[in-house]
Every structure is written in structure tokens, then in C-alpha cells.
Amino acid sequence: MDYVLGTTLLVALHEAWPNAALHVAVTPGLAELARSCPFVSRVITLPPELAFWGPAAQAHPRRLARLAGIAIRRLRVLRPDVALVPRVDSDASGNALLALFSGAARRVGFAESSSSSRAETNAGFDAYFTDVVALPGAVLEVRSSREMALSLGFAPRDWAPTVWHSAEDARKVAVLLDGVDPSRDRLLVFAPGATAAFRRWPAASFAELGRAAFAAGNATHIAIVGSAADRGSASSIKGDLPAGMCHVFTGSLSLPETVALLRKACLFVGNDSGPLHLAAAAGVPCLEISSFPSDGDPTHANSPVRFGP
């Protein structure tokens with residue numbers, strides 16, 4: 001979840017330029033989470049189909065015109081001074097071109113050499129930026145944001161990513177968790193989902209871990225979060241746990257509400273996926289179940305060297 005990992009950069013920008021208008025362009029699924037940031041001036045939602053174009057498709061004349069039109073109608077009208085593209089991996093959504101067409105005089109992005117996927121698919125993209133940030137090999141994504149901030153001449157006081165939620169989000173979660181008192185109970189949060197099947201730990205393994213946590217007294221309640229696509233796994237896990245002790249929220253919480261729930265947890269357990277990054281940014285101790293081989297390419301898009309909590 002690039003937005004969550006990039007909040008380090010948002011905080012740095014706000015601290016360095018407190019009077020600047022900060023605009024964030026995200027896909028619709030992240031818009032509500034972006035709006036929860038108290039110092040984001042405007043959230044621009046981008047068409048979701050951009051995420052599936054791929055670098056080669058961006059060169060098609062019709063799609064170049066589509067990207068230019070989006071940038072002119074949604075970004076250039078804001079008259080940005082600086083456009084930042086804090087994505088290290090392959091730019092499959094046209095972010096660099098959106099920055100180019102935005103009209104910003106200064107455009108900052110990561111070098112093609114920053115990751116293996118970027119080097120393979122984004123040859124020539126460095127030319128779209130006025131400032132190209134090179135990374136010293138495989139680094140945690142949060143450090144990538146740090147390197148971009150440093151290239152702009154400033155640094156935040158805290159490098160940890162962060163996420164926000166409202167008082168109303170917290171009230172809704174408190175109602176849904178009726179009977180669960182974080183000061184007395186130990187809430188364990190599971191997130192069994194992941195985009196790719198090979199990254200998903202089996203539901204039976206989550207259930208086994210839950211039973212062991214209950215038996216050892218390390219958990220009194222378990223909450224399961226994720227998207228609607230994770231409901232089958234969540235139902236399977238719940239069916240293997242003691243009645244009344246498991247609360248399923250897959251597909252029923254917004255991202256800010258998920259943050260409010262996570263902040264009540266004593267531990268998060270999940271795959272390499274969005275909820276993992278939300279939990280880490282919310283300050284919850286995390287256990288990541290990674291399918292990545294120990295001898296894999298550390299710059300790979302699934303590497304815990306880069307995307308671990």
C-alpha cells in the first residue's frame with residue numbers, strides 16, 4: 001500500500017512547508033484514508049483502470065492522450081510547484097507521465113535503478129523528472145520516502161509512517177466490539193487476505209494459531225479484517241475457534257475504521273498485504289507471514305527487506 005508507506009513523506013512535507021497546500025492523487029479505494037490525514041488539502045481520485053495498463057500500454061497514443069487529459073483536468077488546474085512520485089517499483093499506472101503533464105516545474109521520482117522491476121520496465125522514465133533520487137540498494141520503503149525527503153532538503157522528526165482516523169470511526173468500532181475492553185482484554189487481529197494466492201497463509205493455519213493463543217492466554221478475542229473477498233477465509237477461521245470469541249469484519253469497515261480497530265489490538269498477524277502496513281503505521285506489533293524465499297532478490301516487489309513492517 002504505497003500511500004501508507006508514503007505518509008512519512010507527507011509528514012515531512014507538512015513540517016517543512018506548513019503553509020503549502022498538499023494534494024494527494026490516489027485510486028478510489030484509498031481516497032477515504034487519504035482524506036483522514038488532517039493536513040491534506042485535497043484528494044484527487046484517479047481512474048482505477050490506470051493501475052492495470054502497464055508501462056508498455058502508456059506509450060499507446062490514445063492512452064498518452066488519456067493521461068494528459070487526466071493531468072490537465074485534475075492536476076494542472078491546481079498549479080502545482082512540485083510533483084512527487086514516491087513509487088519505487090515499476091510505474092504501471094502512468095504516475096511519472098501524470099507528473100510530467102501536471103505542469104509542475106519540479107518533478108521528483110526514483111531512479112530506474114531503484115528496483116529490478118523498475119529497471120526492467122521503465123527504461124527512459126528518468127527523463128520525466130527534474131530530480132532523480134537514487135537508492136543505496138534494497139531498503140525499507142519507509143527509508144525510500146526518507147531519501148526523497150532528504151533530496152528536497154528536509155527531514156521529519158519521526159520516520160515511522162502513520163495513519164489517521166476520526167472520533168466517529170473509533171465510536172463505531174467500540175460499538176461493534178461491544179464487550180471487548182482493550183484495557184482488560186487481549187485483542188488479536190488476523191488479516192488472511194492477499195492479492196496473490198501464493199502470498200496467503202492457509203486459513204487452517206490462522207485458526208490453529210488462534211486456538212494456541214487462546215490456550216496460552218495470549219488472546220481473549222480475535223478480530224478478522226480484510227476485504228469482502230476474504231469473507232470465505234474469515235468464515236473458515238471463525239468456525240474453528242471458540243464460539244463468541246471471534247469477530248469478523250471483512251468487507252464491512254472503511255480503511256479509517258480499520259485503523260481505529262487496529263489501535264485496540266495487542267498483536268496483528270497477516271500476510272504481506274495492505275492491512276499489514278495499516279497495522280504497522282497504527283503502531284501495532286506485527287507478525288508478517290511472508291511467502292518470499294530467504295534467498296530471493298531483496299529489491300523484488302514482494303521482498304520483506306523492502307516491505308516488512
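The structure is a predicted model, in which local features need pLDDT of at least 70 and side-chain atom pairs count only at pLDDT 80 or more, while totals for chains, interfaces and linings use all residues. Residues are numbered from 1 along each chain as its sequence is written, and side-chain values use heavy atoms, with hydrogens and water left out.

Along the principal axes, the C-alpha atoms fill a box of roughly 60 × 45 × 35 Å. Of the 309 residues, 48% count as buried, where buried means under 20% relative accessible area, exposed means over 50%, and partly exposed lies in between (1.4 Å probe, protein chains only). Among contacts (heavy atoms within 4.5 Å) with a separation of 6 or more, 63% come from residues 24 or more positions apart.

The interior comes next. In soluble globular proteins, nonpolar side chains tend to be buried together. A nonpolar core is a set of buried Ala, Val, Leu, Ile, Met, Phe, Trp, Tyr and Cys residues joined through side-chain atoms within 4.5 Å. The largest such core has 52 residues, and Tyr-3 and Leu-261 have the most contacts inside it. Helix α2 (residues 7–16) supplies the largest share of this core, five residues. Leaving aside residues up to four places away in sequence, Leu-261 touches Val-173, Leu-177, Leu-187, Ala-223, Val-225, Phe-249 and Leu-253. Apart from this core lies another, of 16 residues, including Phe-206, Phe-214, Val-269 and Ile-289.

Helix α13 (residues 274–281) is largely enclosed by the rest of the structure, because seven of its eight residues are buried. These buried residues are Gly-274, Pro-275, Leu-276, His-277, Leu-278, Ala-279 and Ala-281. After α13 comes Gly-283, with a positive phi near 85°.

Turning to charged pairs, a search of the whole structure finds seven salt bridges, each being a side-chain nitrogen of Lys or Arg within 4 Å of a carboxyl oxygen of Asp or Glu. Arg-199 and Asp-272 form one of them, at 3.7 Å from N to O. This pair links distant parts of the chain, 73 residues apart: Arg-199 sits in the loop between β6 (187–191) and α10, and Asp-272 in the loop between β9 (267–271) and α13. Both Arg-199 and Asp-272 are buried.

Other bridges lie within single helices. Glu-147 pairs with Arg-143, their closest N and O atoms being 3.4 Å apart, and both residues belong to helix α8 (residues 141–151), four residues apart, about one turn of the helix. Glu-147 counts as buried at 16% relative accessibility, whereas Arg-143 is partly exposed at 38%. In helix α9 (residues 167–176), Glu-168 and Arg-171 are three residues apart and meet in a salt bridge of 3.1 Å, N to O. An α-helix has 3.6 residues a turn, so residues three or four places apart point the same way.

Asp-230, found in the loop between β7 (221–224) and α11 (231–239), is buried yet has no salt bridge, and Arg-200, the nearest side chain of opposite charge, is 5.5 Å away. For charge, Lys and Arg count as positive and Asp and Glu as negative, while His and the chain ends are not counted. Beyond residues up to four places away in sequence, Asp-230 touches Gly-193, Ala-194 and Thr-250.

A few further details complete the picture. The structure holds zero disulfides, defined as pairs of cysteine sulfur atoms within 2.5 Å. For Cys-266, the nearest cysteine sulfur is that of Cys-286, 12 Å away. Cys-266 is partly exposed at 24%, and Cys-286 is partly exposed at 25%. Finally, Arg-79 has a positive phi of about 55° although it is not a glycine. Arg-79 lies in the loop between α5 (61–75) and β3 (82–85) and is exposed, with a relative accessible area of 71%.

Note on methods: Helix = DSSP H or I, 4+ residues; strand = E, 2+ residues; numbered from the N terminus.
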